[in-house]
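Here are a few notes to read alongside the model.

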2 protein chains.
Amino acid sequence: MEQAVRADARRNRARLVEAARRLFAEVGIEAASMNDVARRAGVGPGTLWRHFPNKEALIAEVVGESLDELAELADELRAAGAPDGVRRWTSALLQHIASYRGLAASLAHASDDLLAGRCVASEQALARLVEHARGTGELRADVTGPDVSRLTTAVAWAAEAAGGPQAAKRLLDLVFSGLTDRAECPP
Amino acid sequence: MEQAVRADARRNRARLVEAARRLFAEVGIEAASMNDVARRAGVGPGTLWRHFPNKEALIAEVVGESLDELAELADELRAAGAPDGVRRWTSALLQHIASYRGLAASLAHASDDLLAGRCVASEQALARLVEHARGTGELRADVTGPDVSRLTTAVAWAAEAAGGPQAAKRLLDLVFSGLTDRAECPP
DNA sequence: ACCTGAACACCGTTCAAGT
DNA sequence: ACCTGAACACCGTTCAAGT
């Protein structure tokens, strides 16, 4: 029997994640310190560090589910053959990043496996969607998954710094018109 | 007579700026702490804070000249009527931001007058250039100065996080093709 | 007028001591 | 097996004391 996880440990872990989620939402990911999270959860700092080896692991736990959903969404859009699949996926990514201030930076600089791994998974799903979209003509033939991912994250970051959600939409529109096939001119 | 600035004060200030410049270049703007800069310059922390009320003011001193040059460049390109003026200006901005790791974030989040003011000056010059470029057809008619500024900074930020200078060029190419007038289709 | 450096509250991180 | 909380080195920032 390996089920040696104690009840108080499970409770503490749940409390920590919930405290992190709230603090991230209130003050942003960057401004929320590990000690703050622990205090908010009512445990000592050591307990937080025992459950999560670093801040990125904590972020991964808080936003991981959403990242998984984005990966699923990419596959769904591809399977459904939506003609504006990539466009819709990038909107979803934009919306997700907007849910916590500082998340764009966290994702872009992810170095811990727990966070970076989940990013990779959703980026692979995006790559498949992009591949498909080049076939349907939604995207120019030379556009890659990383192109789309980087530009969308960049737009989210810029909009967070200035302009807010409206700016995000505006900038994504501009970027996207560059990724789209030019209007074909019949001779 | 108002020239009450002591010789040692002038020397200390120069040393501080030089120390900051080097430290920013070595470890990046974010990782360079104020205490590090003071130590490196061989003065006490208090002396640094006396000369610069906050870190942004120090950054402004280090990169201010380059920002001023970017403003001048915008006006020159406009005066010269270069057909690819905006494109060349954005390349210059990209290159400038690449000179210190973390500079994109510093510029985007500038809140202190000493830094934000210099950003505004160069953005106003860019706005004039963009206005002109819409006339020549380099840019779509609805593209604004802030559009160009935000997207270029965003690209610089993304490339810093992953991909480096080549990625920066690639992403800027993609973005720019979205800002450019569509190839006109004669009926 | 300017510099010094000790001081304060804080942060990330660790670890001996407990149960 | 897990939690606690003191502890360390650090950071941003201030300020009394010096010259």
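1. Chain B and chain A bury about 2,500 Å² between them, and carbon and sulfur atoms give 62% of that. Buried area here is the accessible area (1.4 Å probe) that two parts lose on being put together, summed over both. As for contacts (heavy atoms within 4.5 Å), 32 residues of chain B touch 32 residues of chain A.

2. A quick word on the basis: this is a predicted model, with local features needing pLDDT of at least 70 and side-chain atom pairs counting only at pLDDT 80 or more, while totals for chains, interfaces and linings use all residues. Residues are numbered from 1 along each chain as its sequence is written, chains are lettered from A and ligands numbered from 1 in the order in which they are written, and side-chain values use heavy atoms, leaving out hydrogens and water.

3. Four salt bridges link chain B and chain A, a salt bridge being a side-chain nitrogen of Lys or Arg within 4 Å of a carboxyl oxygen of Asp or Glu. One of them joins Arg170(A) to Asp142(B), at 3.5 Å from N to O.

4. Sugar and phosphate make up 67% of the DNA strand C atoms that come within 4 Å of the protein.

5. Which side chain has an N or O atom 3.4 Å from a base nitrogen of DNA strand C? That is Asn35(A). In the side chain of Asn12(B), an N or O atom sits 2.4 Å from a phosphate oxygen of DNA strand C.

Key. Near = heavy atom within 4 Å. Polar contact = N/O pair within 3.5 Å; in protein donor to acceptor, adjacent residues only side chain to side chain.
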